[in-house]
Every structure is written in C-alpha cells, then in structure tokens.
Amino acid sequence: MQLCPHCGHQNYEGVVFCEKCGVALVPVPLSTRQLVEQEEAIIGTSELSDEGVLMLQLEDDMSPIMVQVRQEVILGRISEQSNTTSYINLSQYGADDLGVSRRHARMLRDDRAVYLMDLNSTNGTRLNGEILPSGVEKRLRDGDEIMLGRMRIFVYFKA
Ligand SMILES: [Zn+2]
C-alpha cells in the first residue's frame with residue numbers, strides 16, 4: 001500500500017493518483033526551472049486532457065501539486081473528500097498567513113474546460129492580476145496565475 005501524503009488514504013501499489021482525493025502519488029522529477037521553460041512552449045491551451053490532470057505550482061515550492069479534476073476542486077484550508085470533489089488543503093504552504101479562506105475558490109470541470117470561481121472569500125481571488133468577482137466563472141488556461149489572497153499559484157494543464 002502507498003499512503004497519500006495529502007489525505008492519508010491507503011492506495012494500492014502502482015496507483016498514480018490517489019483514489020480518494022485525486023492528488024498525484026508519484027513525485028514529479030522536473031525542477032521548477034525546467035518546468036517553466038518546457039511549459040512556455042505550449043502556453044495558452046485551455047483543453048484539459050482525458051485524464052484531467054492539472055498541475056498547481058506554488059511560488060517558492062519545488063514540487064507542484066498534481067490533481068486529477070473529476071468534477072470540482074475546492075482550494076482552501078480544509079481537507080474533506082468526496083467522490084466528485086477534491087479539496088486541496090493549502091495550510092502546509094502558509095495559506096493562513098497569506099489570507100486564504102477555508103473555502104476560497106473552486107475549479108469546476110466541464111468536459112475539457114476548467115472554470116475558476118471565487119467562493120466569496122475574505123481576501124478575494126485574482127486571475128492573471130485581475131480581480132475575479134465572487135460567483136463569476138472564468139475559464140482557465142495553461143500557464144494562468146491565480147492569486148488566493150496573497151498566495152500565488154500557477155496552473156498548468158498536463159498534455
Ligand atoms: Zn489522497
């Protein structure tokens with residue numbers, strides 16, 4: 001069995017994404033620098049692959065969070081799980097100090113598209129520097145920059 005570092009679920013050997021929360025169980029070997037250079041070539045795609053894997057790269061953190069978007073992903077400071085919703089708990093990345101709300105924003109999958117929506121967070125959400133009004137859905141593209149309060153996250157679509 002392999003333990004999920006995110007939610008603690010026991011997964012069978014060889015499972016790439018946690019069956020409970022969708023977070024990748026295998027380490028991503030690329031350094032941040034290689035990653036940025038490689039991804040710049042295909043920046044701008046907004047089509048999610050069939051596996052639906054998004055990579056969330058946090059500032060100053062070398063290992064990105066890989067998440068399989070089944071239906072909905074909640075970004076914030078809670079770690080519940082359900083079959084359709086993944087909760088990404090950003091507490092270990094200093095979310096509290098950076099003004100991230102418990103349920104800050106959500107990413108919603110619609111076929112091959114992913115939409116970002118602010119969930120009436122205290123400190124707001126920005127997409128590529130622009131304030132995202134609460135309740136408004138904006139389609140995400142590869143390479144987008146999301147600000148949750150003062151936490152900066154880059155989103156990459158896995159080809
Ligand atoms: Zn998990």
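pLDDT is the predictor's confidence in each residue, on a scale from 0 to 100. What you have here is a predicted model, and the protein chain averages a pLDDT of 86, with 88% of its residues at 70 or more. One stretch to treat with care is residues 30-34, where the pLDDT is below 50 and the model shows four contacts beyond near neighbours in sequence. Where pLDDT is low, the predicted coordinates should not be read in detail.

Now for the strands around E12 (residues 145-148). E12 pairs with E9 and also with E13. Here is how the two pairings look:

| Strand pair | Sense | Bridges | Residues facing each other |
|---|---|---|---|
| E9 (125-127) and E12 (145-148) | antiparallel | three | Leu 127 and Ile 146 |
| E12 (145-148) and E13 (151-157) | antiparallel | four | Leu 148 and Met 151 |

E12 and E13 form a hairpin with two residues between the strands, and Gly 149 there takes a positive phi near 60°.

Several of these residues turn up again in the largest nonpolar core, which has 33 residues. Ile 146, Leu 148 and Met 151 are among the members that touch the most others, as are Leu 75, Ile 88, Leu 116 and Val 155. Strands E3, E4, E5, E6, E7, E8, E12 and E13 each give two or more residues to this core, and E13 gives the most, with five. In soluble globular proteins, nonpolar side chains tend to be buried together.

So what does Leu 116 touch, leaving out residues up to four places away in sequence? Its contacts include Leu 127 and Ile 146, the bridge partners from the table. Leu 116 also touches Ala 105, Met 107, Leu 132, Glu 137, Lys 138 and Leu 140.

Technical notes:
Residues numbered from 1 in each chain as written. Predicted model: local features only at pLDDT ≥ 70, side-chain atom pairs only at ≥ 80, totals over all residues. Contact = placed C-beta atoms within 7 Å. Pairing = 2+ DSSP bridges. Core = buried A, V, L, I, M, F, W, Y, C linked by C-beta atoms within 7 Å. Buried ≥ 20, exposed ≤ 12 C-beta atoms within 10 Å, placed from the backbone.
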